[in-house]
Amino acid sequence: MPAAKHPNPRVLWKGAISFGLVHIPVALYSATSDNSVDFDWLDKRSMDPVGYKRINKKTGKEIPREQIVKGIEYEDGQYVVLSDAEIAAAYPKTTQTIEIETFVPADGIPFIYLERPYYVAPINRGAKVYALLRETLQRSGRVGVARVVIQTKQHLAVLVPSGPGLVLNLLRWGADIRPWKDLPLPSENAREAGLTDRELKMASELVKDMSSDWDPDEFKDSFKDEIMKLVDRKVEAGQTEAVTQPEAQEEGGQSSAKIIDLTELLQRSLRKGGGKAAADEPADEQPAAKKPAAKRAARKPAARRRAA
């Protein structure tokens with residue numbers, strides 16, 4: 001079977017990075033791809049794709065889309081039903097901006113908070129300001145903590161310099177992280193945990209012997225490799241079935257923000273005391289770069305188009 005081809009990068013989102021009064025027009029691209037084995041459901045009799053139905057769990061009957069409402073359980077068996085309009089009104093405004101709120105040490109965010117990475121690339125003559133932010137973060141050893149709205153959902157995120165570019169990694173909210181306290185963990189004190197100096201020394205030597213530089217190509221998905229070998233053998237034996245799949249729809253990104261003079265914006269941001277003071281600046285004193293984002297904020301949320 002031929003090697004998998006990587007499609008050309010597709011823009012997932014367009015907008016701007018914002019800190020102080022500076023806007024950097026950028027686009028987001030997926031930084032990962034799912035290469036795991038994907039088993040589709042097929043009808044054994046006709047080899048047609050099998051999908052999911054909306055089923056009433058009590059009667060077992062299929063429910064039309066228009067008869068489905070959304071509810072939140074607040075007590076056992078007791079629900080509050082919310083209309084699509086009420087849900088849409090609660091969605092955050094889509095500003096198309098990665099709004100940096102603070103800069104923290106690069107090693108200050110535990111791995112457990114990292115959720116999903118995106119590559120960030122400059123667009124619309126934003127390369128110079130993009131390079132300035134990347135170099136500043138690298139030299140300061142800091143990363144930018146920001147908020148961003150993607151497809152009507154608000155995310156906490158961190159903007160990290162990585163090699164030649166910037167990576168926007170979505171973060172889990174603090175409330176989504178479970179505490180350690182309920183787990184049966186040994187004491188953080190080595191002696192109280194029953195460890196001896198000899199055991200610690202031997203473990204350290206073992207770690208040193210097994211240490212190497214990180215090389216992702218050394219690690220393979222053995223299950224996927226075995227499944228694909230089996231697929232190859234069946235293809236060579238002619239044991240295949242024709243299945244017609246529905247075409248996937250793609251959505252384009254939004255227009256990006258403009259860029260204005262970098263030196264002037266940096267000076268104004270410093271005079272204003274950074275992002276917080278800049279946000280308090282009267283609307284008639286805001287630079288033209290912020291106006292497109294404000295216009296986009298008035299758009300209706302895409303939640304109205306979501307399926308029930």
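Q: Let me start with a rule I picked up: two strands count as paired when DSSP finds at least two bridges between them. So in this predicted model, what is the bridge partner of P117 in β9?

A: P117 has N169 in β9 as its bridge partner. That bridge belongs to the pairing of β6 (residues 114–122) with β9, which is antiparallel and has 6 bridges.

Q: How many bridges join β8 to β9?

A: There are 7 bridges between β8 (residues 153–162) and β9, and the two strands run antiparallel. Look for A157, which stands opposite L170 in β9. The hairpin of β8 and β9 has 2 residues between the strands, and G163 takes a positive phi near 60 degrees there.

Q: Which residues of β9 are on one side and which on the other?

A: Here's the general idea: side chains in a regular strand alternate between the two faces of the sheet. In β9, one side has G165, V167, N169 and L171, while L166, L168 and L170 are on the other. Both faces are covered, with these residues all buried.

Q: Why is strand β9 described as largely enclosed?

A: To count as buried, a residue needs under 20% relative accessible area. In β9 (residues 165–171), 7 of the 7 residues are buried, so the strand is largely enclosed by the rest of the structure. For the protein as a whole, buried residues make up 24% of the 308 residues.

Q: In which sense do β1 and β5 pair, parallel or antiparallel?

A: Parallel: β1 (residues 11–19) and β5 (residues 97–105) share 3 bridges. Find I17 and you'll see it stands opposite I98 in β5. Strand β5 also pairs with β7 (residues 142–150), this time antiparallel and through 6 bridges. There, F103 stands opposite G144 in β7.

Q: Which residues touch the most other members of the largest nonpolar core?

A: Those are I17, I98, V120, L133 and L168, out of 22 residues in the core. Strands β1, β2 (22–30), β5, β6, β7, β8 and β9, along with helix α2 (127–140), each supply at least two of its residues. The largest share, 4 residues, comes from α2.

Q: What does L133 touch?

A: Leaving out residues up to four places away in sequence, L133 touches I17, F19, I24, I100, F103, L159 and L166. Apart from this core lies another, of 6 residues, including V143, V145, L156 and L171.

Q: How many helices and strands does the protein have?

A: The secondary structure comes to 7 helices and 9 strands. As for contacts between residues at least 6 apart in sequence, 68% join residues at least 24 apart.

Conventions
Residues numbered from 1 in each chain as written. Predicted model: local features only at pLDDT ≥ 70, side-chain atom pairs only at ≥ 80, totals over all residues. Heavy atoms only, no water. Buried < 20%, exposed > 50% of the residue type's maximum accessible area, 1.4 Å probe, protein only. Contact = heavy atoms within 4.5 Å. Core = buried A, V, L, I, M, F, W, Y, C linked by side-chain atoms within 4.5 Å.
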